[in-house]
Amino acid sequence: WMLETILTRIILRFANRYICDTFHTDTFSLWGGDLVVNNFELRAEELARVLGSDLAGSDVAGLRLVRGFVRELRVHVPWNAIRSQSLRVEVDAVEVVFGSRRPSGSEAQD
């Protein structure tokens, strides 16, 4: 039980870096082998960083990253073979919303 608690906290601490919603360790259980989180919003700044661009902050091809969503995140922990198999993370249906950049007042006058 203690290993499950520690692993859940580590996973959620890492996930909270990318997820807008805050999750608490008492609402999840990895003991069955899977942690599943559905329908959540991603942090636009972190998503842009992962994509290797600055779409959340500066003009790239006239676009800005507005929001990102994930339909399902599944973390599988192979408890019976924890030493020989890797933890597996699966993401299903990532939706990324882009918007157009509007010129600032000084650019509009040029």
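The largest nonpolar core has 19 residues, and L7, I11, L30, L35 and F40 touch the most other members. Such a core is a set of buried Ala, Val, Leu, Ile, Met, Phe, Trp, Tyr and Cys residues joined through side-chain atoms within 4.5 Å. Helix α1 (2-16), strand β1 (34-42), helix α2 (44-50) and strand β2 (63-76) each supply at least two residues of this core. The model is predicted: local features need pLDDT of at least 70, side-chain atom pairs count only at pLDDT 80 or more, and totals for chains, interfaces and linings use all residues. Residues are numbered from 1 along each chain as its sequence is written, and side-chain values use heavy atoms, with hydrogens and water left out.

**Terms for position and exposure**

- Helices (H or I, at least four residues) and strands (E, at least two) are DSSP runs, numbered from the N terminus.
- Buried means under 20% relative accessible area, exposed means over 50%, and partly exposed is in between (1.4 Å probe, protein chains only).

**Largest pocket**

- About 380 Å³ of space lies in the largest pocket.
- A pocket, on a 1 Å grid over the protein atoms alone, is an open set of points where a 1.4 Å probe fits, with protein on both sides within 12 Å along at least five of seven lines.
- Grid points are joined across faces, edges and corners, and the volume is the space filled by probe spheres set on the points.
- Lining residues have an atom within 4 Å of a point.
- There are 18 lining residues, and F14, A15, Y18, L73 and V91 lie nearest the centre.
- α1, β1, α2, β2 and β3 (88-100) each supply at least two residues of the lining.
- The lining divides into 16 nonpolar, no polar and two charged residues.
- Here Ala, Val, Leu, Ile, Met, Phe, Trp, Tyr, Cys and Pro count as nonpolar, Asp, Glu, Lys and Arg as charged, and the others, Gly among them, as polar.

**Salt bridges**

- A salt bridge is a side-chain nitrogen of Lys or Arg within 4 Å of a carboxyl oxygen of Asp or Glu.
- By this rule the model has seven salt bridges.
- One of them joins the side chains of R17 and E46, at 3.4 Å from N to O.
- R17 lies in the loop between α1 and β1 and E46 in helix α2, so this pair ties together parts that are 29 residues apart in sequence.
- E46 is buried, at 18% relative accessible area, whereas R17 is partly exposed, at 41%.
- Beyond its neighbours within four places in sequence, E46 is in contact (heavy atoms within 4.5 Å) with R17 and Y18.
- Another salt bridge pairs D34 with R74, whose closest N and O atoms are 3.6 Å apart.
- D34 lies in strand β1 and R74 in strand β2, so the pair ties together parts that are 40 residues apart in sequence.
- D34 is partly exposed at 32%, and R74 is partly exposed at 26%.
- R88 and E90 also meet through their side chains in a salt bridge, at 2.8 Å from N to O.
- R88 is partly exposed at 43%, and E90 is partly exposed at 36%.
- Salt bridges that share partners join R17, E46 and R49 into one network.

**Positive phi**

- Most residues other than glycine have a negative phi.
- N39 has a positive phi, near 50°.
- N39 lies in strand β1 and is exposed, at 60% relative accessibility.
- A93 has a positive phi, near 60°.
- A93 is found in strand β3 and is partly exposed, at 34%.
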